[in-house]
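Me: I've got a model open and I'd like to learn how to read its features. Can you walk me through it?

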Amino acid sequence: MIVISVMYPYTEGARFDWDYYTTSHRKLVEDAFGPTGMASVQMLKGVSSPGGGPPPYEVIALLTWPDQAAMVATMTGPRVGEVQGDLPNFTDIAPVRQISQVA
């Protein structure tokens, strides 16, 4: 299984509209990436660091595909730009992305 982690670092004073993200943006991601093989999406809202301070990440999204080929088909598909173009609608935080393989 392949996982893309999209992580939005906690930034004091940054804007992040959780309601828009979990409704409108999530639906866009599912509609755009589901047909090309995305298996699931999880959206995790940071609560705190283990020591009680602010979380390292405001939000982490985990998008999964059954294999590398399905992920590549999605990431080279026609709707990637549409999904990325939606970011300003909910945040001014630049995301950090990582592609991982489940062991």
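This is a predicted model: local features need pLDDT of at least 70, side-chain atom pairs count only at pLDDT 80 or more; totals for chains, interfaces and linings use all residues.

Me: In what order do the 4 strands of the open sheet come?

Reply: Helices (H or I, at least four residues) and strands (E, at least two) are DSSP runs numbered from the N terminus, and two strands pair if DSSP finds at least two bridges between them. Here the order is β2-β3-β1-β4, with antiparallel pairing. At the edges sit β2 and β4 (96–101), each pairing on one side only.

Me: How many bridges join β1 to β3, and how many join β1 to β4?

Reply: There are 8 between β1 and β3, and I2 has W65 as its bridge partner in β3. Between β1 and β4 there are 6; S5, for instance, is partnered by Q98 in β4. β2 and β3 also pair over 6 bridges, with A61 in β3 as the partner of M43.

Me: Is M7 buried or exposed?

Reply: Buried means under 20% relative accessible area, exposed over 50%, and partly exposed in between (1.4 Å probe, protein chains only). M7 lies in strand β1 and has a relative accessible area of 13%, so M7 counts as buried.

Me: Which residues does M7 touch, leaving out those up to four places away in sequence?

Reply: Contact means heavy atoms within 4.5 Å. M7 touches Y57, V59, I60, A94, P95, V96 and Q98. Of these, A94 is 87 residues from M7 in sequence, yet their C-alphas are 8.7 Å apart in space.

Me: How much space lies in the largest pocket?

Reply: On a 1 Å grid over the protein atoms alone, a pocket is an open set of points where a 1.4 Å probe fits, with protein on both sides within 12 Å along at least five of seven lines; lining residues have an atom within 4 Å of a point. Here it's about 230 Å³. Of the 18 lining residues, V6, F33, L63, V83 and R97 are closest to the centre.

Me: Which element gives the largest share of that lining?

Reply: That's α1, with 4 residues. Among the other elements giving two or more residues are β1 (2–9) and β3 (57–65).

Note on methods:
Residues are numbered from 1 along each chain as its sequence is written. Side-chain values use heavy atoms; hydrogens and water are left out. Grid points are joined across faces, edges and corners, and a volume is the space filled by probe spheres set on the points.
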